[in-house]
Amino acid sequence: MTIERIVVIVAGFFILLSLTLSHYHNPNWLWFTAFVGFNLFQSGFTGFCPLAMILKKLGYK
């Protein structure tokens, strides 16, 4: 599995998790959703993704 696919899967999971937590626990979890969305947005323009850097160091291709 490529780093790009892992990043998309993790981002999607975090968004769904934070939406679920905001619905059942506290609406402030939507700030986490916004943070993940902003990171995806800026990664599309800059190519900088902290998760991708971590995965490269762990040996993923």
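Two residues are taken to be in contact when heavy atoms lie within 4.5 Å. The model is predicted, so local features need pLDDT of at least 70 and side-chain atom pairs count only at pLDDT 80 or more, while totals for chains, interfaces and linings use all residues. Residues are numbered from 1 along each chain as its sequence is written, and side-chain values use heavy atoms, with hydrogens and water left out.

The pLDDT, the predictor's confidence in each residue on a scale from 0 to 100, averages 94 over the chain, and 100% of the residues score at least 70. Confidence is lowest in α3, with a mean of 94, and highest in α1, at 96. Helices here are DSSP runs of H or I with at least four residues, numbered from the N terminus.

Helix α1 (residues 3-24) packs against helix α3 (residues 50-57) with axes 10 Å apart and an angle of about 130 degrees. Axes are lines fitted to C-alpha atoms over the stretch in contact, and angles run from 0 to 180 degrees between N-to-C directions. In this contact, I3, I6, V7 and V10 of α1 meet L51, A52, L55 and K56 of α3. By class, seven nonpolar, no polar and one charged residues take part; Ala, Val, Leu, Ile, Met, Phe, Trp, Tyr, Cys and Pro count as nonpolar, Asp, Glu, Lys and Arg as charged, and the others, Gly among them, as polar.

V36 is located in helix α2 (residues 30-46). Apart from neighbours within four places in sequence, V36 contacts A11, F14 and I15. V36 lies 24 residues from G12 in sequence, with a C-alpha to C-alpha distance of 9.0 Å.

Note on methods
Helix = DSSP H or I, 4+ residues; strand = E, 2+ residues; numbered from the N terminus.
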